[in-house]
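Colleague: Hi! Could you walk me through this one while I have it open?

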Amino acid sequence: MRAPAPAYTANDGVIDRAGEVLGGNLLASLDAVGEVALTVDRETLVTTMVALRDTPGLEYQQLMEIAGVDYPERPDRFEVVYCLLSLTRNHRIRVHVRTDEEKPVPSVTGIWPVAGWLEREVYDMYGVLFSGNSDLRRILTDYGFRGHPQRKDFPLTGYVELRYSEEAKRVVYEPVQLAQDFRTFDFMSPWEGAEYILPGDEKAKLPEAKGAPTPLKADEIVKADAAKSALSAPAATPKVTESVADTGAGKASPDAGPKPADADVVKKPRAAKPAASDTAPSKPRTRKKPDTNNG
């Protein structure tokens, strides 16, 4: 019997019920692709989350995830998304708040302690600050990392390198030390085709036709023509084998016997017949009686 996919409660009435409870704290709502998204006021986030958790008809008891989104064109470029789950109603919603690089978002660690690690991840990847988090440190990047990797304006290439310093006992940044020959970077896509010859490719090129300008000398052209003709010409005589010396077959040693007619059948030698004298029955030997007439 096939097990049905886990079905969630329909979204009917969720936005209306949230609007009644949150009032002016609810800035926008959206019901799309089977999911409900609520955009709430950043400063009243904690009271909003408590209301969503404790209000009958909503009852979103668990915080499943906190994610970040970057919109560089907006004044408040960051969105912090909270994914909530109601165990009693079997339903999920998303709660969105907006902020920038300076305005902190109230921490919800007092409601869900698991939010401590999730807020650290959003801070590490996007640089969003959380007020009330007592342990707001990086959690994914190295010690001394500069910048936030999930921002849209984070550089993908640079001129510094990271290494662990035994003197400083931490990861340090240093300028990339490259020889001058390696400072020419080629950012051309492979399928566009390079306009230069890679080192070693010139060895695979045959000389040009006679009369055309070529950097090769006359003797090199003659050698190249001879090599080319040798590769294209067929063999003069086919290779045949006329004796056992050509194939390596024959006696394994000077004392070896002749090769049997059928190599797969090795006949065992017959046992030699015994001689006639060996097969004639021997007469029984009689024991001579002692002479009792003497003495």
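Modeller: Happy to. One term before we start: contact here means heavy atoms within 4.5 Å. Bear in mind too that this is a predicted model.

Colleague: Thanks. So what does helix α1 lie across?

Modeller: Helix α1, residues 14–22, lies across β1, β2 and β5. Relative to β1, the helix runs at about 170 degrees.

Colleague: And the sheet itself, in what order do the strands come?

Modeller: The order is β1-β2-β5-β4-β3, giving an open sheet of 5 strands with mixed pairing. At the edges sit β1 (26–32) and β3 (62–70), each of which pairs on one side only. On average, neighbouring strands are turned by 20 degrees against each other, ignoring direction.

Colleague: Nice. Do β2 and β5 run parallel or antiparallel?

Modeller: Parallel: strand β2 (residues 35–40) is joined to strand β5 (residues 91–99) by 3 bridges.

Colleague: Which residue in β5 does Ala37 stand opposite?

Modeller: That would be Arg94.

Colleague: Switching topic, I've clicked on Val14. Where is it?

Modeller: Val14 is in helix α1.

Colleague: Is Val14 buried or exposed, and why?

Modeller: Buried, because its relative accessibility is 3% and the cut-off for buried is under 20%.

Colleague: What does Val14 touch, leaving out residues up to four places away in sequence?

Modeller: Val14 touches Val36, Leu58, Tyr60, Arg89, His91 and Ile93.

Technical notes
Residues numbered from 1 in each chain as written. Predicted model: local features only at pLDDT ≥ 70, side-chain atom pairs only at ≥ 80, totals over all residues. Heavy atoms only, no water. Pairing = 2+ DSSP bridges. Helix = DSSP H or I, 4+ residues; strand = E, 2+ residues; numbered from the N terminus. Axes fitted to C-alpha atoms, helices over the stretch in contact; angles between N-to-C directions. Buried < 20%, exposed > 50% of the residue type's maximum accessible area, 1.4 Å probe, protein only.
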